[in-house]
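Hi there,

Here is the structure I promised to pass on to you. Have a look at it first, and then read my notes below.

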Amino acid sequence: MKFNGAIMHFSFVLYLITAVHGQIRYSIPEEMKIGSLIGNIAHDLGLDLKRLRTGRAHIAHGDNIQYAELRTDKGILAVKERIDREQLCGELTPCSFAFEIILENPIDLHQVTVEILDINDNAPTFQKKEIKWEISESAAPGARFLLGGAEDPDVGVNALQRYVLSANEHFVLKQHERPDGVKYAEMVLEKPLDRELRPRLSLALTAVDGGSPQRSGTVAIEVTVLDANDNAPVFNQSLYKSSVPENVPKGTFVIKVSASDADKGSNAYVSYSIPHNNDVFAINESTGDITLSGVLDYEKVKRYELNILGTDGGGLTDSTKVVVDVTDVNDNIPTVAVMSSSKSVEEDALPGTVIAVIKVQDVDSGSNGDVLCYINDDVPFKMKPSSNHIYSLQTAATLDRETTPNYNVTVVACDRGTPSLCNNLNLSIKVTDVNDNTPVFEKKTYTAHIPENNTPGLTLIILKAGDIDCSQNARVNYLLEEGMVNGVSVSTYVSVNGESGVVRAVRSFDYEQMKSFQFRVKAQDGGSPPLSSNVSVDVIIQDQNDNAPQILYPIQSGGSLVAEMVPRAADVGYLVTKVVAVDVDSGQNAWLSYKLQKATDRALFEVGAQNGEIRTARQVTDKDPVKQKLTVVVEDNGQPSRSAIVNVNVAVADSFPEVLSEFTDFTHEKEKNENLTFYLVLALAAVSFLFICCLVVIISVKIYRWRQSRLFYQSSLPVIPYYPPHYADTGRTGTLQQMYNYEVCMTTDSRKSDCKFSRPSSQGVLITDSSASETLQRIQEKERFINDFNSPEQLRLRRAGRRQRDAGGE
Ligand SMILES: *[C@@H]1O[C@H](CO)[C@@H](O)[C@H](O)[C@H]1NC(C)=O
Ligand SMILES: *[C@@H]1O[C@H](CO)[C@@H](O)[C@H](O)[C@H]1NC(C)=O
Ligand SMILES: *[C@@H]1O[C@H](CO)[C@@H](O)[C@H](O)[C@H]1NC(C)=O
Ligand SMILES: *[C@@H]1O[C@H](CO)[C@@H](O)[C@H](O)[C@H]1NC(C)=O
Ligand SMILES: *[C@@H]1O[C@H](CO)[C@@H](O)[C@H](O)[C@H]1NC(C)=O
């Protein structure tokens, strides 16, 4: 409207120009007070006030607002209305309004132009109170952010001149002017934003004009920094350490790792992972708790080093290291192993002999792996440590297989952990045999009793020797030791079975030749070298009743015998004669008893059962016949007993002639009877002599044997059988014991002199009253008798006997 008014006014002015004499121009600032003077128009037109009055000068009014009024009284123009240049002209410059002053009488027209000068009455203004920007922190420097412009209706210097941005680190202001002259500003990012540092920025943009005083307008700029994932997660430790006992169960919490991210939201969410997982540990993706997911074994892996990755939502990562030290737990039993073992040891091994080498181990560490090794203490062995973990099992004492053939050794290995774990190993150690024991006979000496006349091959005795060694070392062999018995090798008497120890007779023994003999048997084992021992075996030959008693007196002849004289005056118990008999057997077998078998008058005579004495049993009467005949039986005590029979003739008479008369059938022998008497006397003398000799011999033999007895026993020489001419004794005993009553009777009457063996012909008389085999034995060998028969004495006797017999036979 302002604009239009001006133009209309302008055309109106042009229209009036021809009638107009003068033109007046004024300049005034806008916004003057009403009534303020614009100009002295009267003066300027050269008119006097009267003219004005009379001409009724006035301002030609148009549609426009009357900014000015003419005061005719003073001839001046004054401000009638507030003049706002911005309202009147806008941005048009220069800004003016014009009007005419019209005078009448004469009409006179004067144009007046009033230029309005701008004053700075407007500040620049922004359309918005506040400018909001959301800028990502990742925005690159140089990024522009348009801020728009402010408006200032003033013109010229009073119009908007420039913008000013409040001080900040990040942005600078850049101003632009459009071709139409509008000024605007933009922010240029100079330094990157960091949300993490300053999430918001408050800036102010100020627009200033050039007026004086200067006016300005300000708008606030709120910058919100948007997050960009510009921060990687950061672990709060570069190394995490933890230690875990090896025996903890799965799922045990180990350690927590923690990473933080300075970003926001998902950019700040850190997820944890173990990139090169070995299935032993697991990590909670969200909490960073590391737990055990596998089995730990200190003996296999002592330390784990894990790389942990923390990743934020934007994919940025950080890594850290977790070191897990596995600590040892005494979870392993020590092992005991035999590295080498001989399994057996010879019983003569010296103490300190190594039997086995044993290795003990414990894979645990420290005291859990420290192993103590020992064995049970009831065995003669010891453990000797030889090097680390290695022990040698040695003998600690001498061994004896015979007492303990094997040992059970328990090797115990215990570690020092708490609680301590133990293991054991059983070794069976065999003690092998060494031939260190000699065979031992069951008895110190063996005595075999064997009846004479045995069959060859008869088992005498079974020897038995034991050897406590074993197998070959205990295999006993029996050997007969070479020796002599009676001058011949003992092997001709006995044989020994090497395997069984059975001793057999090789020949038949004769008690009358040999009562006993001795030999040694050796028992030898099969060891190398062999060991042996020997034992003495006594063979005692037992007598058998194989010899009948032999009648020594009265001499038996085929027909009649010489008669013993009994005087008629003889008293009861008169000793008529004595039957003398001998038995070469011994003991009971030689124990003789006498019995009257037949008699002419049984009441007249009796025979001493023990001594063979024939005595009268009653007073001899005249009625008794001269010629009496007695038959006496001599029996030994053997089983079965053997006997001999002797006939005794007795003449009951007071004188020899009487006898002769009675024994008429002997008359042709009268002269021989005289001889007989002589021979009887001679024989009696001889018998007495022999008796004395016997006594002497007995005594001397006794002394001799007493002296020689020791020598005899010690010497292993065989006893050479030697028989003194009249007395033989191969027995060992040389003493007569008191309890034995013996008597020797000999007679010179040896009318019987046949040398037939079936008939008794011995002259030696020996009566032994003995009871046991241990008795002094007297042996009269048949041969000896034969020898004796050949002595001159005997020959004479025999001759005499033969003559007598011949005489009796006739
Ligand atoms: C690391 O973070 C964890 C969890 O927030 C905390 O328990 C631990 O003390 C922190 N370590 C250090 C060295 O700050
Ligand atoms: C991780 O830990 C959280 C909180 O304790 C739990 O809810 C979540 O189940 C765990 N994740 C796994 C995989 O165990
Ligand atoms: C050794 O052990 C074996 C088998 O266990 C047993 O038969 C034997 O009697 C034991 N020996 C000793 C000497 O203990
Ligand atoms: C060894 O022997 C002992 C005692 O006889 C027994 O207790 C143990 O179990 C045995 N050890 C082995 C490994 O056989
Ligand atoms: C028999 O044994 C004894 C010891 O018992 C010994 O002195 C002797 O020499 C042995 N004799 C033989 C022939 O071996």
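Let's start with a hairpin: strand 13 and strand 14 form it with 5 residues between them, and Gly181 in the turn has a positive phi of about 90 degrees. Strands here are DSSP runs of E with at least two residues, helices are runs of H or I with at least four, and both are numbered from the N terminus. The two strands, residues 171-177 and 183-189, run antiparallel and are joined by 7 bridges; DSSP must find at least two bridges for strands to count as paired. Within this pair, Val172 stands opposite Val188 in strand 14.

A word on the basis: this is a predicted model, where local features need pLDDT of at least 70 and side-chain atom pairs 80 or more, while totals for chains, interfaces and linings use all residues. Residues are numbered from 1 along each chain as its sequence is written, chains are lettered from A and ligands numbered from 1 in written order, and side-chain values use heavy atoms, without hydrogens and water.

Next, which residues surround ligand 4? They are Thr410, Asn424 and Asn426, each with a heavy atom within 4 Å of the ligand. A nitrogen atom of ligand 4 is 3.1 Å from an N or O atom in the Asn424 side chain, and an oxygen atom of ligand 4 is 2.4 Å from one in the Asn426 side chain; a polar contact here is a pair of N or O atoms within 3.5 Å.

Finally, Val696 is in helix 6, residues 670-714.

Enjoy exploring!

Technical notes:
A polar contact is a pair of N or O atoms within 3.5 Å; within protein, one must be able to donate a hydrogen and the other to accept it, and residues adjacent in sequence count only if both atoms are side-chain atoms.
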